[in-house]
Amino acid sequence: MDTIVEMTATPGHRKRVRHYHDPGHVHELTFSCYHRWPLRTNDVWRAMLAESIDRAMEGHRYRLAAFVFMPEHVHLIVYPLPQAGTIDALLTAIKRPFSYRIKQLLIQSHSRLLQRLTIRQRPGVITFRSWQEGPGYERNLTKPSTVLAAIDYLHHNPVRRGLVNRAVDGKWSSARYYLVDPPRQYASLPSVHSLPAEWLDATD
């Protein structure tokens, strides 16, 4: 899908985001498309992103507790397994392979979008950029009530934007996972895992 909404990019600065790696903490992650353009409206591309997320979670020993794919950004809630990698490495493992696959598709289809996502990073350095530069947003969630509230807030993002009427209507969301007992996985979506028992049973 080649068409995206034209937006004015405001020159910005790269934010320094501190990533926390405390064992057992749940992490809320948000990262955006280049210039926050709505590049995630193509189901084929979104399925490719789901595959990239699954591979990164497995390779870096994390589990995905919740997610929402919005047109111009992605929300994930993840938790580490023992001997998990860093959040920085996890994000790189999600974004870099996905960007490479998208670039190859754009080259093969002679898409005009390829030129728009190819930038001169500095003299002599040309870069393809599917994601906004920088680490995005991260929040450490250390209390069960905060984790559950964050999942609920995340699932209602498409509703607040007017993209769907109910959270469960969002195809590219984990909202449905939480309404089926036992939970089930859905084709083309990243694998979702229930939170560890201590996060569901403990009191704040």
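Colleague: In the structure above, is F67 buried or exposed?

Modeller: This is a predicted model, and in this model F67 has a relative accessible area of 1%. The cut-off for buried is under 20%, so F67 counts as buried. F69 is also buried, at 5% relative accessibility.

Colleague: Which residues lie on each side of β1?

Modeller: One side carries V26, E28, T30 and S32, while H27, L29 and F31 are on the other. Both faces are covered.

Colleague: With which strands does β1 pair, and in what sense?

Modeller: Strand β1 pairs with β6, residues 137-141, in the antiparallel sense over 5 bridges. Its pairing with β3, residues 73-80, is antiparallel as well, over 6 bridges. E28 illustrates both pairings: its bridge partner in β6 is R139, and its bridge partner in β3 is I77.

Colleague: How is a pair of aromatic rings described?

Modeller: Two quantities are given, namely the distance of the centres and the angle of the planes. In this model the count comes to 6 aromatic pairs. One of them joins F31 and W131, whose ring centres are 5.1 Å apart; their planes stand at 70°, so the pair is edge-to-face.

Colleague: Where in the chain do F31 and W131 lie?

Modeller: F31 belongs to strand β1, whereas W131 is in the loop between β5 (125-128) and β6; the pair therefore ties together parts that are 100 residues apart in sequence. Both partners are buried: F31 has a relative accessible area of 2%, and W131 is at 6%.

Colleague: What are the distance and angle for F67 and F69?

Modeller: The centres of those two rings are 5.2 Å apart and the planes are at 55°, so that pair is tilted.

Colleague: Which residues form an aromatic cluster with F31?

Modeller: F31 forms one aromatic cluster with F98 and W131.

Colleague: Which charged residue sits over the ring of W131?

Modeller: For such a contact, one looks for a charged end placed over the face of a ring. The charged end of R40 lies 4.3 Å from the centre of the W131 ring. Another case is R176, which lies over the face of Y186 at 4.2 Å from the ring centre.

Technical notes. Residues numbered from 1 in each chain as written. Predicted model: local features only at pLDDT ≥ 70, side-chain atom pairs only at ≥ 80, totals over all residues. Heavy atoms only, no water. Buried < 20%, exposed > 50% of the residue type's maximum accessible area, 1.4 Å probe, protein only. Helix = DSSP H or I, 4+ residues; strand = E, 2+ residues; numbered from the N terminus. Pairing = 2+ DSSP bridges. Phe/Tyr/Trp six-rings, centres within 6.5 Å; stacked < 30°, edge-to-face > 60°. Lys NZ or Arg CZ within 6 Å of the ring centre and 35° of its normal.
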